[in-house]
Each structure stands twice: as C-alpha cells, then as structure tokens.
Amino acid sequence: MQTSRRKFVGLSALMASAPAWAFLEAGQAAGTPGAAAMPMPPLDAIHALVAHCLDTRYEALPPEVVAATRTQILDTVAVTLPALDADGIRQLHAWSRNSGGKGESLVLGTRTRLPAEAAARLNAAMAAALEFDDTYEPSLLHASCVTIPVALAVADLVGAAGRKVDGRELIAAVAAGTDAACRLSRAGSPGVSPFIVGWDPTPMYGHLAAAMVAARLLGLTRAQAVSAVGLAYHQLSGNAQASVDGTHAKRLGSGFAAYGGILSARLAQQGVIGSDRVLQGVKGLFKQYHGGKYSEEALLDGLGARFAGVDIAPKPYPSCRGGHVAIDGALDLVRTHGIRPDDVAAVTIYSPPAEMMLLGAPIEKKRRPQSIVEAQFSNPWMVAAAIQDRDVGLRHFSEAALQRADLLALAARMTTVEDKGLVRPDGGPGFVRLEITTRAGRTHEKLVRFAKGDPKNPMTAAEYRTKVFECTDAARMPRPQAERLMARYGKLEAETDVAALNAALAIG
C-alpha cells in the first residue's frame, strides 16, 4: 500500500526531530512484523561530534583555547585579504558575481555581497590560495580556512535577519568546529599520512565541519544538524592529486567544502533529511574512505575537555607546510655560516616519502616550477628563495618571481633524496636534513624536526605581527586600518556584532 502524501509529510517532520535508529527501536517495541530480525545499530559517533559543536559554550573554553582560536581567526582573515586576484580565485570571483543571487554575506575585504554559501566558497578558497593558512600538523589538515569563512558568512546571514553573532559565540563555534575537523582527520587511517592514503583532508573533512559550524550559527536542532552533516557527507570530496600536480584545484577545495557545508545546513533547516550513520555506517566515511581503519580514541577521547586548536601551527611562510622545515634549515645555515648565494655549489634536501612525493619529485619540475602553485609545492624553489634573499614571503610566489634568473640558477643546484628515517613519529610534516656544499669544498649540514610555528617552535609576537602586515600591505589596506582591525581581533570577545567587524574589513 502506497504511503499517502499526508503520511509522508508527517513522517518527514518526525524524522527531522529524531535519528533513524529511534524508528527501529520504536518498531521493535510495537511488534512491527520483521522488526525482531532488525538489530538496532549503535549510535553513530557523528552524534557526539554534533552535540559537541552545538553545545560548547564560550564560558567553558579553557583560556588557551580562546587565545588560540582568536589568533586563528585573525590569521585566516589576514591571509584571505590579498588573495582576491590570485589565479583560480579571480575566475571564481567573477563567476560568482555574474551568476548572481541574493546578497547575504560579504566577500571579505570588499563591499560585495553574495549568497551565503557562495561568499563562503570564495572566502574559503581565498584563505587557502596563498598557502599561508595555518596547519594542524598531525594530519596535515587546514581546518581554519574552512570553519572560519563559514562562521563569518553565516554571521552575516543571520545578522541580516536581526540575530547578531557576537565575538564570544564566534570563538566558541570556531573552536568546536575546528576541533571536530581535526579529530575526524586524525581518526581516519591513524599513523599514515593522508597524502600516502590519497586524500586531501581539508576539503574532505572540511565538508563535515562546515556543516556543523553552519548548523550551530543557524540555530538548528541536534537532529537537523546531524542531517546537515549527512547531506554534507553525500558531497564529500578531496583527493591529493591537485597538490601533486600543482594545479589551481588545490586552491578551491576548501571553498567547495564551505559551500557544501552551508548548503547542507540550510537544506536541513528546511526539513531535508541526511544520513545519520555518517562515520560508522556500512558505507560510512571510515569504511568507505579508510577501509575500516580508524581510531575511535583519536575521534572522541577528551571530547569537550581537550581542543585540537591549541596544536594548530600558523605559517610563517606562504608555501606548503611540509617544506617549512627545509626553509628553516636553509635560513639557519646561511645566517650561521655567512653563506652567500654565489658560494653555493650544491644543495641536497633529504625528505621522508610523503614530502618527497609532494615537494621533491620529479626534480626537473621542482627546479623549474611553471606556476605559482607548483612553486608553493617545491622544496628546491623554497630553499633557493631562502638562500638568495634570506627570507621567504609572498613576493617569492608570483609570476615575476618565477622568471627570476637568480632563483632558477640556485634551484638548478638542488637535489632531493628520499630518507625514510625522517618520518615524524607522531604524524604530521616530516623532518628534513639539509646539506649545503660550498664552492670552497665545505659541507654544512642541518637537521630540522619542527618548523617555525609548530607548538614546539612557536612564532614570536613580532613575527606574527610582521606576517599580518605583510598580508594587509599586499591587499593594499591602509596601515592605520590594519592596526585598528588587529586591535579589534585581539579583543574579539568584546565584539557585539561579527557582521559589523566583517564590514570593517572593506578596503578602499
């Protein structure tokens, strides 16, 4: 017998307020024919993560989590601002404006408004484009470039409806959503680099985290939020091929995740139902994407008491985080031994397998990158810049820099070698051993384990300030405006309306 339209609508409403497992339990209790043969599955772990993201209050956050999250929000906004004209971003910006839609959320740094999910897609892609966004090193995840643009876009969206998101709520939503993303990324295929497995964790887990952050700020119920994550899982993507090839697709993955997460939350708010067996179902994420290899301890242990955000490392250089150990090693050697570019006869960069695949091979491509993205993923290019200019910044990743004869000449003297002994035991970017041989016949060697920005080797306040102003200067933001904004983000919990803070970012 066919279900009537009225019954279907009623069932949909009921399902929007309770997970699917509840209906199996109810059917068994009512003696539904065949129900006894249907075992009730255990509650999927996604319910715990959703509850964490919806229920975490600012007042319950440890002070170090508040401080780290505040820093991550400023860092993400700063690295977003100069990226609007970057290749891949420029075209996405033009397409987004031409395709139109209701003006709900700001493109950061401008007065342009787009539909919330489209604005978040562009802002998140911008946050990742210059490879200056922070990194959760244990799983090579860039969570902030997804969760923060989503939170800012939804703050604009709900603010237009009269419900202000204040600084404390922004911090709590980002802290919980980022923690969930990091836990998800570390739980899958534990102990193995995601780039060896084949996934890019940022767009992959970013879809799920984006849905949770959007669900919280939209005010969804717990059941609606679970559905939102289920809908996001149905869109989930993110492989490492774009990083290996050095294409513009690498810049867009975080944007796809931000868009998909907000869209999923908005659909769930309207009653659309998504799977609630997202992680541990027979075709859930851990089975489908990781062959059943996952760590429930990494996923749930200390949930609500320990936050992964405190272990996120800001980047001092605008390039793949895996190459920062090589940059640090080169800078140390040239400064310690007074090595000038013309003194260098040869450089050998020893890296573990994942970094060798991503940053060291094929060697001719790495010596002569043909695009900015290829340069951002080339150890020879990064080390050449460090030796030549004793610094690595945004100017080294531009079309003009790719034509610099001095950098190309130095990069041509680079050799890359795989060394399995340099794998980092606790996961994350591997170690590097660098050898610089001079024309005088001397060889200087440096082993670097933890790059600048790692919690074991943190950036100083002065270094961080320099980074923020490098970004705002590149975006052509007047320095007085940048100073004012930096002060406001430093006291973010005092902000009463995040939408107003977003508006204050407009340049020109």
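Which helix gives the largest share of the lining of the largest cavity? Helix H17 (residues 353–360) does, with 3 residues. The close-ups below start there. This is a predicted model, in which local features need pLDDT of at least 70 and side-chain atom pairs count only at pLDDT 80 or more, while totals for chains, interfaces and linings use all residues. Residues are numbered from 1 along each chain as its sequence is written, and side-chain values use heavy atoms, with hydrogens and water left out.

**View 1. The largest cavity holds about 170 Å³ of space.** Searching the whole structure turns up 3 cavities of 30 Å³ or more. A cavity here is a set of points, on a 1 Å grid over the protein atoms alone, where a 1.4 Å probe fits but cannot get out, and lining residues have an atom within 4 Å of a point. Grid points are joined across faces, edges and corners, and a volume is the space filled by probe spheres set on the points. The largest cavity is lined by 16 residues, and Leu140, Phe195, Cys320, Gly322 and Leu358 are the closest to its centre. Helices (H or I, at least four residues) are DSSP runs, numbered from the N terminus.

**View 2. A cis peptide bond joins Ala361 and Pro362.** Omega at this bond is about -5°. Look for Pro362 in the loop between H17 and helix H18 (363–367). Most peptide bonds are trans.

**View 3. Ser189 has a positive phi, near 45°.** Ser189 is a residue other than glycine, and you will find it in the loop between helix H8 (167–187) and helix H9 (194–197). Most residues other than glycine have a negative phi.

**View 4. The second largest cavity has a volume of about 70 Å³.** At least two lining residues come from each of helix H4 (63–80), helix H23 (461–474) and helix H24 (479–490). H24 gives the most, with 4 residues. Among the residues that line this cavity are Leu74, Val77, Val468, Phe469, Ala482, Met486 and Leu505. By class, the lining has 11 nonpolar residues, 1 polar residue and no charged ones.

**View 5. H23 and H24 pack at an angle of about 135°.** Their axes are 10 Å apart. Axes are lines fitted to C-alpha atoms, for helices over the stretch in contact, and angles run from 0 to 180 degrees between N-to-C directions. The two helices are therefore oblique to each other; angles under 35 degrees count as roughly parallel, over 145 as roughly antiparallel, 65 to 115 as roughly perpendicular and the rest as oblique. Their crossing is right-handed, a term used if the near helix is turned clockwise from the far one by less than a right angle, with anticlockwise being left-handed. On the H23 side, Arg465, Val468, Phe469, Thr472 and Asp473 make the contact, and on the H24 side Arg479, Ala482, Glu483 and Met486 do. Contact means heavy atoms within 4.5 Å. The contact has 4 nonpolar, 1 polar and 4 charged residues.

**View 6. Helix H16 (residues 324–337) packs with helix H20 (residues 379–389).** The angle is about 30° and the axes are 9 Å apart, so H16 and H20 are roughly parallel to each other. H16 passes H20 in a right-handed crossing. Ala326, Ile327, Ala330, Leu331 and Val334 of H16 make the contact with Asn379, Met382, Val383, Ala386 and Ile387 of H20. These residues divide into 9 nonpolar, 1 polar and no charged.

**View 7. Helix H3 (residues 46–55) and helix H10 (residues 201–218) cross at roughly 45°.** Their axes come within 9 Å, and the angle makes H3 oblique to H10. The crossing is right-handed. From H3, Ile46, Leu49, Val50, Cys53, Leu54 and Asp55 meet Met212, Ala215 and Arg216 in H10. The contact has 7 nonpolar, no polar and 2 charged residues.

Conventions. Nonpolar A, V, L, I, M, F, W, Y, C, P; charged D, E, K, R; others polar. 1 Å grid on protein atoms, 1.4 Å probe; cavity = no way out; pocket = protein on both sides within 12 Å on 5 of 7 lines; lining within 4 Å.
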